[in-house]
Amino acid sequence: MRIFGQILTLVAAAGVVAGCAVTSGNSLKSENTRLRKEIAELKTQVEDLLSEREATDSIAEEMIKVYGENEDRSYTQEEVDSLLNLWYLHRQAGGTESLLAAETEKFSSNVPDSVFIKRLASINSFITLPYNETVRNFIILYAEKMPSKMASMLSLSEYYFPIFEETLNAYDMPLELKYMAIIESALNPTAVSRARAKGMWQFIYNTAKSYGLKINSYVDERFDPVKSADAAARYMKDAYDIFGDWSLAISAYNCGFGNVSKAIRRAGGKRDFWSIYPYLPRETRGYMPAFVGAMYAFNFYKEHGIRPDVSPLPPHVDTFYIKKNLHFKQLSEVVGVPESDLRNLNPQYIKDIIPGNEGPCILRLPSRFASTFIDCEDSVYTYKVQEIFSPATLADIHTGSSRDYDRVVYKVKKGDYLGKIAARHHVTVAQIKKWNNLKNNNLRVGQRLEIYPNGKAPAKASAKPAESSKSSGNQDGYTVYKVKKGDTLSKIAAKYPGISAKNIMDFNGMKNSKINVGQRIKIPNK
């Protein structure tokens, strides 16, 4: 960069001046001071430019830390717009180190290679399932290294996989592609990456819009398991139409069409995954092997002693078209549907509001509540309608002033400073200070900061949306929360990442979940 050259020149000049200052009098000392001041100013400019570069490159900061070979690489918008990489795999497997180990180290297993090969061959897969040391490592990673996470994903798959299979079948695509959602999000429909990719299939905003997903103040269809699966299928079909190979299409889903095309050229025109493997971005090389590993684990989890958890989602669901505005609270209080069920089945409604006034919207209900909803549908719409849909509430939603779904609670780590944190989340230092009532730039390890990556915060964000008493909490290992009307332990727990209703009950010695308005409860720091 030109500024770096200026700094080096000025540093050299300052050294010469400093060396001569002893014999050349006050004028040289003055010149030396001036040069040092210019160096300091240029260094500040460099820091600002680096922060700006991080802010415009949604995944560079993490990629640079993890993949050393990419230090000098600048990611294109196409790569950023591709559906993200293996970050959820990193997390579910115990961090980035586990993924890198799966790529570079040899995991041990009591299962011989011959058994792995035989089992893979027995899977009736339209997509070729190769076997080599890299694939073997991912098989062990999924099947043996994270049994708890696998048990959870297996239970979730009972609900989500039939949706994916129906979608893929409609486009005449291999049903095995459903396993890509395992790699992308571990089947979490409301997953949000640091790069702001959202949903089970990890779309960022531009890609989502280009594939027809609706995103507005009320709805984000990236979270809709049906709509997002359809968009992901169309994306992969486009990739297959270009490359004619599902392994390459899967790779393109991760790193974009351009990078796969470039790898094919560098491989001399060869169009199979293992021929272009050395030429793919390193963060993409593990994608296809991880895909094979996930498919193996889902087919042979019993052989590895894994039992699925009980599914948190209802086995039978009915679908309704809603043509008037409807709030989850109305459904919960009139029909009796738990709000948690409504959110799990309808995660696309980011404000708990189904905006039927804007056009027909889908509502999914557990089947056991379907007849009750039909019987009292008219009264559901009119229940507390003036209170729930007050002009002020709707105005806040339309202006984005209450978009708490984009709130991130960031835990300060060793080596963090406000500028670094701000660049990572694409906001300014001033915004972070305002949102968190910070009077200076000092931070402490473990401190929690509320950040709104889209830059829009609730009007009272600086007062902490949870309205909790943090003064004693951070020092004593807990936060004091004052119960408000409509609160439940689950709702309160949802405001504190990593905390469950049971954590709160245990910490407060509560025998049941009953709470009263005005009651003060302690929220353990995580």
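**Contacts, burial and salt bridges**

Modeller: In the protein chain, residues 24 or more positions apart supply 67% of the contacts with a separation of 6 or more, where contact means heavy atoms within 4.5 Å. This is a predicted model, in which local features need pLDDT of at least 70, side-chain atom pairs count only at pLDDT 80 or more, and totals for chains, interfaces and linings use all residues. Residues are numbered from 1 along each chain as its sequence is written, and side-chain values use heavy atoms, with hydrogens and water left out.

Biologist: What share of the 526 residues in the protein chain is buried?

Modeller: Buried means under 20% relative accessible area, exposed over 50%, and partly exposed in between (1.4 Å probe, protein chains only). Buried residues make up 51% of the chain.

Biologist: How many salt bridges does the count come to?

Modeller: A salt bridge is a side-chain nitrogen of Lys or Arg within 4 Å of a carboxyl oxygen of Asp or Glu. The count is twelve. In one of them, Arg364 meets Asp224 at 3.6 Å, N to O. Arg364 lies in strand E4 and Asp224 in the loop between helix H11 and helix H12, so the pair ties together parts 140 residues apart in sequence. Helices (H or I, at least four residues) and strands (E, at least two) are DSSP runs, numbered from the N terminus.

Biologist: Are Arg364 and Asp224 buried or exposed?

Modeller: Arg364 is buried, at 10% relative accessible area, and Asp224 is buried too, at 3%.

Biologist: Where do Glu339 and Arg343 lie?

Modeller: Both are in helix H19, four residues apart, about one turn of the helix.
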